[in-house]
Amino acid sequence: MKKNNSGKSPAQKNLAFESCVKTNEHGYADMANVSKNKRGPTTPTETPEKTHPEKKTKVNRMENSSKEEYTIQSFDLETQKLLKTALKDPGSVDLEKVSSVIVDQSLKDLIFSREAGRICYTIVQAEAKQTNGNVFRRNLLNRLQQEFKAREEIRKRSTQEWVCLVSFICNVFDYLKVNNMPMMALVHPVYDCLFRLAQSDALKNEEEVDCLVLQLHRIGDQLEKMNLQLMDELFNLLRDGFLLQEDLSSMGRLLLLEILEFRAGGWTLDEMAQKYYYSEVTD
């Protein structure tokens, strides 16, 4: 992994979740109790908010609700009832149990891990509106911290579980906001996961490369705004891997070329490039 200006890697400089749980040298707030930003403490009406365009119309809110319902169908009836209640009346259920259920399912179901952030967002919003509390968010982030600490063991045990963990952490980063800004406590953990996926041994695995590229498509522009230096270092690794690593699969190499061009184009691809890459992937 490349070193930054301080001579430390992202993981060394900020031990991710471990160094974010309490106020650290960088001034980040307690990861499980993030309720402040530079403007000062949040007020009862200033709740974490996700400003996705799809939530601006009634029709699209209904579509999101349908997605949540569909996602919840993967659970047994008792757990479905628990989650549906948490979405509407979080104060009446055990939110620690709810967070554990969501994390457990995310680690074994890749599709769920890519959508669970929306459910977490809804519960956080409902709890903030109902009690101005953050019990669910605190328990969710504490549990994520535990899984993040064990990330290398998880990767050795199961590539699928590791990819699910990365997808879930990135999805939570995408949805959970404080004052319309990404949670600072999640920035370095997300970067650490992506840097791990950019190592030479991971680049040989198409499943990991696919996960890396998918996350960068989804949250790359947000991450870059939070820390441009780390994004530059990450893409230096990807560029070196693409140019110098000889044991990449043809699909892995194609995915790396696409994401390199995607960022170079300002996190977008022109129509011709899209047709080229998507036709190659389809073929």
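**Aromatic rings and helix contacts in a predicted model**

Trp267 is buried, because its relative accessible area is 13% and buried means under 20%, exposed over 50% and partly exposed in between, with a 1.4 Å probe and protein chains only. The structure is a predicted model, in which local features need pLDDT of at least 70 and side-chain atom pairs count only at pLDDT 80 or more, while totals for chains, interfaces and linings use all residues. Residues are numbered from 1 along each chain as its sequence is written, and side-chain values use heavy atoms, with hydrogens and water left out.

The overall picture comes next. The protein has 15 helices and four strands; these are DSSP runs numbered from the N terminus, with helices being H or I of at least four residues and strands being E of at least two. Of its 283 residues, 51% count as buried. Among contacts with a separation of 6 or more, 66% come from residues 24 or more positions apart, where contact means heavy atoms within 4.5 Å.

Now for the rings. A pair of aromatic rings is described by how far apart the centres are and by the angle of the planes. Rings of Phe, Tyr and Trp (its six-membered ring) pair if their centres lie within 6.5 Å; planes under 30 degrees apart count as stacked, over 60 as edge-to-face and the rest as tilted. The protein has five aromatic pairs by this rule. One of them joins Tyr191 and Phe195 in a tilted arrangement, with 6.5 Å centre to centre and 50 degrees between the planes. Both residues belong to helix α10 (residues 184–197), where they are four residues apart, about one turn of the helix. Tyr191 and Phe195 are both buried.

Phe235 and Trp267 form an edge-to-face pair, at 5.9 Å centre to centre and 85 degrees between the planes. This pair links distant parts of the chain, 32 residues apart: Phe235 is in helix α13 (residues 228–244), and Trp267 is in the loop between α14 (250–264) and α15 (271–282). Phe235 counts as buried because its relative accessibility is 1%. Ring pairs also bring in Phe262, so that Phe235, Phe262 and Trp267 are linked into a cluster.

Helix α13 also holds Leu243, which is exposed because its relative accessible area is 58%. The C-alpha atoms of Leu243 and Leu257 are 9.6 Å apart, and the two residues are separated by 14 residues along the chain.

Charged side chains meet rings as well. A charge sits over a ring if NZ of Lys or CZ of Arg is within 6 Å of the ring centre and within 35 degrees of the ring normal. Arg151 lies over the face of Phe148, 3.9 Å from the ring centre, and Arg253 lies over the face of Phe242, at 5.9 Å from the ring centre.

The axes of α4 (residues 77–88) and α5 (residues 95–106) come within 10 Å and cross at roughly 115 degrees; axes are lines fitted to C-alpha atoms, for helices over the stretch in contact, and angles run from 0 to 180 degrees between N-to-C directions. Thr79, Leu82, Leu83 and Ala86 of α4 make the contact with Lys97, Val98, Val101 and Ile102 of α5. In the loop between α3 (58–72) and α4 lies Gln73, which counts as partly exposed because its relative accessibility is 42%. Leaving aside neighbours within four places in sequence, Gln73 is in contact with Gln80 and Lys84.
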